[in-house]
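I opened this model to look up its side-chain pairs. My entries follow in the order I made them.

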Amino acid sequence: MENKQEAQEILQKFNEITGRRFSPTKTNLKGIENRLKDGFTVEQMIAVIQLKNLEWKNNEVMAVHLCPETIFRPKNFEKYVNQIVGLKNNPELLQRFNEQFNKTAVTGTASAFSKFDALFAKGKP
């Protein structure tokens, strides 16, 4: 039950960050619940959402994949978490992401990315 409530909160955060309107259906929540069961944290999930939003939102090919089903798919999610770890361990790459974001900032995304930066400051992947 706790995973379902957390999954709904993460989906709500997904919608806030991406500007989308995904409903809390079984399909949209299943991947989130399963990643929670796998031991991934809420913070990791939000960081992945922020990163993929930054990378894909303004990319006409990838924007269609900015959905819970794709982001939280088991074969994808761990790669995305490791991408964040790689950014954390490579300040130059993180700086390039920051610069890219500052060039393409869209309403509502800036606050999400500042939270992403805060995760790095805390040392969390």
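Which side chain meets that of Glu16 in a salt bridge? I looked it up and found Lys13, at 3.6 Å from N to O. A salt bridge here is a side-chain nitrogen of Lys or Arg within 4 Å of a carboxyl oxygen of Asp or Glu.

**Ground rules**

I noted that this is a predicted model, where local features need pLDDT of at least 70, side-chain atom pairs count only at pLDDT 80 or more, and totals for chains, interfaces and linings use all residues. Residues are numbered from 1 along each chain as its sequence is written, and side-chain values use heavy atoms, with hydrogens and water left out.

I checked the pLDDT, the predictor's confidence in each residue from 0 to 100. The protein averages 83, and 78% of the residues score at least 70. Over residues 105-113 the pLDDT is below 50. Beyond near neighbours in sequence, I found 13 contacts (heavy atoms within 4.5 Å) for this stretch in the model.

**Salt bridges**

I searched the whole structure and got 3 salt bridges.

Back to Glu16 and Lys13: both lie in helix α1, residues 2-18. They are 3 residues apart, about one turn of the helix. Helices (H or I, at least four residues) and strands (E, at least two) are DSSP runs, numbered from the N terminus. For accessibility I used three classes: buried is under 20% relative accessible area, exposed is over 50%, and partly exposed is in between (1.4 Å probe, protein chains only). Glu16 has 46%, so I put it down as partly exposed. Lys13 has 22% and is partly exposed.

Next I took Asp38 and Arg35, whose side chains meet at 3.0 Å, N to O. Asp38 is partly exposed at 49% relative accessibility, whereas Arg35 is buried at 6%.

The side chains of Lys52 and Glu55 form a salt bridge at 2.5 Å, N to O. Both residues lie in helix α3, 3 residues apart, about one turn of the helix. Is Lys52 buried or exposed? I read a relative accessible area of 4%, so Lys52 is buried.

I stayed in helix α3 for Gln44. A polar atom of the Gln44 side chain lies 2.8 Å from the backbone nitrogen of Thr41. Gln44 is buried, with a relative accessible area of 13%.

**Aromatic pairs**

How many aromatic pairs does the structure hold? I counted 4. Rings of Phe, Tyr and Trp (its six-membered ring) pair if their centres lie within 6.5 Å; planes under 30 degrees apart count as stacked, over 60 as edge-to-face and the rest as tilted.

For Phe14 and Phe22 I noted ring centres 5.7 Å apart and planes at 70 degrees, so the pair is edge-to-face. Phe14 is buried at 0% relative accessibility, and Phe22 is partly exposed at 25%.

Phe40 and Phe77 form another edge-to-face pair, 4.9 Å centre to centre, with 80 degrees between the planes. Why does this pair tie together parts that are 37 residues apart in sequence? Phe40 lies in the loop between α2 (26-37) and α3 (42-56), and Phe77 lies in helix α5 (residues 74-88). I read 18% for Phe40, which is buried, and 0% for Phe77, which is buried.

My last entry is a cluster: Phe40, Phe72 and Phe77 form one aromatic cluster.

Notes:
Polar contact = N/O pair within 3.5 Å; in protein donor to acceptor, adjacent residues only side chain to side chain.
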